[in-house]
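Have the viewer open as you read.

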Amino acid sequence: MERLICTSTGGTIHYKVTGISHPEHIRFLDNPGAMSEINSDLRLLLMQGIDYGQFTSGFTIPASVAGEEVKVKVDGAFHIAPDVRLLCRILKWHYNFCPDEALTQEDFRKAYGAGFGDHFYARWRNLDMDIMKMLGYFGCSYDNGQRFLGIVMKKVFRYEQRAKRENAQIIKELFEGTALSVSGSGEADSAGQSEHRGEAGDGDHRTGKGNLCGASAGTDGLDTSDPAASAAP
């Protein structure tokens, strides 16, 4: 049975229970109290720099539930996996950053000091600014690797703020464009109707077209002579 624990360390703890002292109480593993006790023990291991391996933990079933207080021992294995959401944020920055969102020599100097900062910045450039290669270069120097990710995240935050502003501007322009389009369409329809009515009215007076029931129907193919007048000698 494998379980997941979301953590604030940029990753997710995966742990699998391999043994339990009271098998009949295995159903209590998903109890919030039991999970809290196991999670606390695993986080203590993470704080010690241990991010995978075997663990021994336990939880207590209160007497109100089991009839008497029972302490259950749990053995298992665990590892921590990076949070895919955090990786996606970093990769979006890496593919889309602007010049003022790039890692600079000054950023490295602030994080590592002048000497090491210049050295690591040169390495960053030599590795084609590849994040994974840079982390591989730091290897087991977790402190240096963490500092590097620290300056990366500052740039990620800056990129995200710009992207948020740009997206808001795009949405604003789309709404304004839609509003203008709807308004313009309404005005055009109104103008068209007015023009149509004007043409019909003008036709009555200028050419006689458009109102065949009027006093002057026009001369387009219609005989408007007075029959009585034509019959006079």
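Which residues in H4 and H5 meet? From H4, Gln105, Phe108, Arg109 and Tyr112 meet Ala114, Phe116, Gly117, Asp118, Phe120, Tyr121 and Trp124 in H5, where contact means heavy atoms within 4.5 Å. By class, this contact has seven nonpolar, two polar and two charged residues; Ala, Val, Leu, Ile, Met, Phe, Trp, Tyr, Cys and Pro count as nonpolar, Asp, Glu, Lys and Arg as charged, and the others, Gly among them, as polar.

A word on the source: this is a predicted model, in which local features need pLDDT of at least 70 and side-chain atom pairs count only at pLDDT 80 or more, while totals for chains, interfaces and linings use all residues. Residues are numbered from 1 along each chain as its sequence is written, and side-chain values use heavy atoms, with hydrogens and water left out.

Now for the geometry. H4 spans residues 105-112 and H5 residues 114-126; their axes come within 7 Å and cross at roughly 135°. Helices here are DSSP runs (H or I, at least four residues), numbered from the N terminus, and axes are lines fitted to C-alpha atoms over the stretch in contact, with angles from 0 to 180 degrees between N-to-C directions. H4 and H5 are therefore oblique to each other (under 35 degrees is roughly parallel, over 145 roughly antiparallel, 65 to 115 roughly perpendicular, and the rest oblique).

Follow H5 onward to H6, residues 131-138: these two pack at about 135°, with axes 10 Å apart. Here His119, Phe120, Arg123 and Trp124 of H5 make the contact with Ile131, Met134, Tyr137 and Phe138 of H6. Those residues divide into six nonpolar, one polar and one charged.
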